[in-house]
Amino acid sequence: MQSPRAAGGVQGQMARGAVWMVLFKLLERSIGLVSTLILARVLIPADFGIVAMAMTFIAMAELLTAFGFDIALIQNRDASVDDYNTAWTGNLLLGLAIMLAMLAAAVPISQFYREPELVSVVALLALGPAISGAENIGVVAFRKELSFRREFVFQLSRKLIGFSVVVPLAFLLQNHWALVAGTLASKLAATVISYLMHPFRPRPSLKRIGELFHFSKWILLHNVVAFARERSSDFFVGRMFGAATLGTYNISYEFANLPTTELGAPINRALLPGFAKMESGDDVASAYRNAIGLLAWLALPVAAGLFAVAPFFVPVVLGTKWLDAVPLMRALALNGVVLMLQASMCTVLIGRGFPARVAAANIIYVIVLLPMLGVFALQFGIVGVAYAALLSGVVCTPMYLWQIQRSIQIRPSVFLRAIWRPALASLGMVAIVVWALPAYTVTMSLAQTAGWLLVGISIGAGVYLVLASVLWVIAGKPAGPERVLIERASALLPGRRR
């Protein structure tokens with residue numbers, strides 16, 4: 001049995017890892033936002049849509065053949081050199097297989113979307129999986145050993161190189177080829193840097209393929225179903241509404257999911273190896289409660305705030321040619337929080353060795369989602385697609401909570417106690433901000449729109465902090481993010497340091 005000190009050490013490493021991963025995501029998103037803002041001004045929605053059409057099929061092929069070897073190595077505490085060599089060989093072979101499959105499918109994909117330009121776009125982007133498949137498997141050790149500082153450097157380096165390629169090319173080419181070049185440059189950079197940062201040199205081997213596949217087959221199923229969850233809307237939108245609408249939808253999705261990508265994803269990335277190391281059920285329950293509470297306290301107000309200020313956010317940040325993104329961004333912002341919380345539940349289940357139950361829950365989610373997408377798209381157009389995703393997520397959340405209780409005996413009440421205060425405070429914030437702001441009109445100048453955006457953000461931040469604090473006091477000042485933040489702030493005051 002793991003000692004309390006050891007368990008505390010793991011939780012401490014998880015917390016430090018989460019800090020590193022959140023810091024990386026903040027820097028990465030800062031780079032990504034600058035890139036997207038520049039590209040949104042230079043390019044048109046159709047450019048983003050064409051690349052999204054190609055990437056949807058490539059991502060599908062990657063997930064259909066992705067066996068989650070990285071996660072299998074992290075979950076296996078006794079992984080050997082043979083395991084690493086086999087994982088690298090499997091990734092490389094799969095990458096080459098995807099490349100060949102996408103080259104063969106380039107013409108059919110262009111015919112499906114009725115976009116002739118897609119043939120050459122798919123053919124070039126097909127190189128990406130082969131490049132990524134050759135990445136040094138040794139960098140998995142950064143996460144396995146909770147060495148998140150090195151993971152931070154590795155991930156940030158690839159992002160910077162992609163940025164340095166795509167932005168100059170956007171001004172030079174002013175079309176979707178800049179996005180294609182940036183995608184490939186980022187993947188190539190990651191592969192090269194992986195060999196510079198880790199001394200492990202993989203060799204071709206399939207010696208441990210059976211053992212790896214035994215765990216990874218469930219990760220494969222999880223990945224396939226996760227793809228259907230997150231990307232099936234691209235098929236509906238691209239086929240029914242065309243490249244320009246798909247481009248608008250994808251940009252809306254990117255900004256609306258900022259709480260998920262910037263907070264949830266990096267924290268979950270740090271939590272996975274930590275959950276795999278824990279032995280005590282009490283430690284797992286404590287880490288789960290703390291993670292959900294922190295994610296809800298930080299992400300819910302961001303999503304709610306984006307919902308409230310979206311009419312001003314879109315014209316200021318993206319420009320008036322993206323105004324169709326406002327209703328999409330509102331629905332997708334709420335959906336992003338739901339997906340983030342579900343992802344945290346999946347992280348603890350996978351970390352504790354229950355990938356099959358994650359796959360089962362995701363399959364049911366997709367069964368609910370797909371018919372909703374079809375019905376809502378036909379009835380309400382592109383906005384219906386966004387609300388179908390949101391409704392499916394809300395309906396299916398209890399199923400994930402049941403899997404948590406069934407697998408690791410953590411009741412849904414733990415989840416509800418962690419989120420009710422930030423959820424109620426966020427709801428109150430939205431009501432006050434929407435009431436305080438005027439209705440946006442296209443006759444407003446950019447300065448006026450930006451001014452109201454800043455007013456909305458300021459009111460929202462202040463109202464949320466007040467409401468969250470009041471609710472915390474009413475609840476009896478329980479342990480949670482509020483207490484941690486107050487203690488950290490108090491420690492910084494003069495005379496309070498020990």
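Helices here are DSSP runs of at least four residues, numbered from the N terminus. Keep in mind that the model is predicted.

**Exercise 1. Get your bearings**

Find how many helices and strands the protein has, and what share of its residues is buried.

*Solution.* 
- Step 1: the protein has 19 helices and 0 strands.
- Step 2: take the 498 residues of the protein, and 53% of them count as buried.
- Step 3: look at the contacts with a separation of 6 or more; residues 24 or more positions apart make up 83% of those.

**Exercise 2. Check the length of helix 18**

Compare the reach of helix 18 (residues 446-474) with the span expected at 1.5 Å a residue.

*Solution.* 
- Step 1: count 29 residues in helix 18.
- Step 2: the expected span is 1.5 Å times one less than that number of residues, and for helix 18 this comes to 42 Å.
- Step 3: from first C-alpha to last, helix 18 reaches 42 Å, close to what you'd expect.
- Step 4: for a bit more detail, pick out its buried residues, among them Gly456, Gly460, Tyr464 and Trp472.

**Exercise 3. Follow helix 16 to its end**

*Solution.* 
- Step 1: step past the end to Gln409, in the loop between helix 16 and helix 17 (412-436). This residue other than glycine has a positive phi near 55°.
- Step 2: Gln409 has 61% relative accessibility, so it counts as exposed.

**Exercise 4. How do helix 4 and helix 5 pack?**

Describe the packing angle, the axis distance and the contact of helix 4 (residues 81-113) with helix 5 (residues 118-125).

*Solution.* 
- Step 1: the two helices pack at about 145°, with axes 8 Å apart.
- Step 2: the crossing is right-handed.
- Step 3: on the helix 4 side, the residues taking part include Met102, Leu103 and Tyr113; on the helix 5 side, they include Leu118 and Val122.
- Step 4: sort the contact residues, and you get 10 nonpolar, 1 polar and no charged.

**Exercise 5. Compare two contact partners**

Which residues does Arg201 touch, leaving aside its neighbours within four places in sequence?

*Solution.* 
- Step 1: Arg201 sits in the loop between helix 9 (177-197) and helix 10 (209-241).
- Step 2: its contacts are Asn85, Asn136 and Tyr195.
- Step 3: Asn85 lies in helix 4. Besides Arg201, Asn85 contacts Phe200, Pro202, Arg203 and Ser205.
- Step 4: with a relative accessible area of 8%, Asn85 is buried, whereas Arg201, at 45%, is partly exposed.

Notes. Residues numbered from 1 in each chain as written. Predicted model: local features only at pLDDT ≥ 70, side-chain atom pairs only at ≥ 80, totals over all residues. Heavy atoms only, no water. Axes fitted to C-alpha atoms, helices over the stretch in contact; angles between N-to-C directions. Left-handed = near helix turned anticlockwise from the far one by under 90°. Contact = heavy atoms within 4.5 Å. Nonpolar A, V, L, I, M, F, W, Y, C, P; charged D, E, K, R; others polar. Buried < 20%, exposed > 50% of the residue type's maximum accessible area, 1.4 Å probe, protein only.
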